[in-house]
Amino acid sequence: MNPKIDPDLCIGCALCAEICPEVFEMGDDGLAHVIEGGNCEEAGCCQEAADSCPTEAITF
Ligand code: F3S
């Protein structure tokens with residue numbers, strides 16, 4: 001699973017970074033970003049983060 005965040009959809013609600021801080025972080029631009037080397041398999045929280053995103057900005 002290789003997560004991607006669509007910057008046109010992300011509204012910066014930060015839920016993904018809250019739910020899955022091993023993989024997602026908030027940038028200075030106010031949008032979420034995938035942490036370099038973020039490992040969904042290891043973290044085990046990517047799907048939950050994607051399901052919780054209000055704009056469905058996270059895809060795999
Ligand atoms: Fe953006 Fe969705 Fe995360 S709106 S901050 S990608 S939960």
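# Disulfides, core and cavity in a predicted model

Author: Two disulfides are present in this structure. A disulfide here is a pair of cysteine sulfur atoms within 2.5 Å. The model is predicted, so local features need pLDDT of at least 70, side-chain atom pairs count only at pLDDT 80 or more, and totals for chains, interfaces and linings use all residues. Residues are numbered from 1 along each chain as its sequence is written, and side-chain values use heavy atoms, with hydrogens and water left out.

Reader: Which residue does the disulfide join to Cys20?

Author: Cys45, with an S to S distance of 2.0 Å. The torsion about that S-S bond is about 65°, so this disulfide is right-handed. Cys20 sits in the loop between helix H1 (15-19) and strand S2 (24-26), and Cys45 in the loop between helix H2 (40-43) and helix H3 (46-52), so the pair ties together parts that are 25 residues apart in sequence. Helices (H or I, at least four residues) and strands (E, at least two) are DSSP runs, numbered from the N terminus.

Reader: Are Cys20 and Cys45 buried or exposed?

Author: First the cut-offs. Buried means under 20% relative accessible area, exposed means over 50%, and partly exposed lies in between (1.4 Å probe, protein chains only). Cys20 and Cys45 are both buried. For Cys20 the relative accessible area is 0%.

Reader: What does Cys20 touch?

Author: Contact means heavy atoms within 4.5 Å. Leaving aside residues up to four places away in sequence, Cys20 touches Ala43, Cys45, Cys46 and Ala49.

Reader: How far apart are the sulfur atoms of Cys40 and Cys46?

Author: They are 1.9 Å apart, and they form a disulfide. The S-S torsion of Cys40 and Cys46 is about -85°, so this disulfide is left-handed. Both Cys40 and Cys46 are buried.

Reader: What is the pairing of the bonded cysteines in sequence order?

Author: Number the bonded cysteines of the protein along the sequence. The pairing is then 1-3, 2-4.

Reader: Next, backbone torsions. Which residue has a positive phi of about 75°?

Author: The general idea comes first. Most residues other than glycine have a negative phi. Ala14 has a positive phi of about 75°, although it is not a glycine. Ala14 is in the loop between strand S1 (4-5) and H1. At 22% relative accessibility, Ala14 is partly exposed.

Reader: Where is Glu56?

Author: In the loop between H3 and strand S4 (58-59). Glu56 is not a glycine, yet its phi is positive, about 55°. Glu56 is exposed, with a relative accessible area of 61%. The C-alpha atoms of Glu56 and Asp29 are separated by 19 Å, and these residues are 27 apart along the chain.

Reader: Now the core. Which residues of the largest nonpolar core touch the most other members?

Author: In soluble globular proteins, nonpolar side chains tend to be buried together. A nonpolar core is a set of buried Ala, Val, Leu, Ile, Met, Phe, Trp, Tyr and Cys residues joined through side-chain atoms within 4.5 Å. The largest one here has 15 residues, of which Ile5, Cys16, Cys20, Val23, Phe24, Cys46 and Ile58 touch the most other members. H3 gives the largest share of this core, three residues.

Reader: What does Ile58 touch?

Author: Lys4, Ile5, Cys16, Phe24, Ala49, Ala50 and Cys53, not counting residues up to four places away in sequence. Val23 lies in the loop between H1 and S2. Its relative accessible area is 0%, so Val23 is buried.

Reader: How many residues line the largest cavity?

Author: The lining has 14 residues, of which Cys10, Cys13, Cys16, Ala32 and Cys53 lie nearest the cavity centre. On a 1 Å grid over the protein atoms alone, a cavity is a set of points where a 1.4 Å probe fits but cannot get out, and lining residues have an atom within 4 Å of a point.

Terms used. On a 1 Å grid over the protein atoms alone, a cavity is a set of points where a 1.4 Å probe fits but cannot get out, and a pocket is an open set with protein on both sides within 12 Å along at least five of seven lines; lining residues have an atom within 4 Å of a point.
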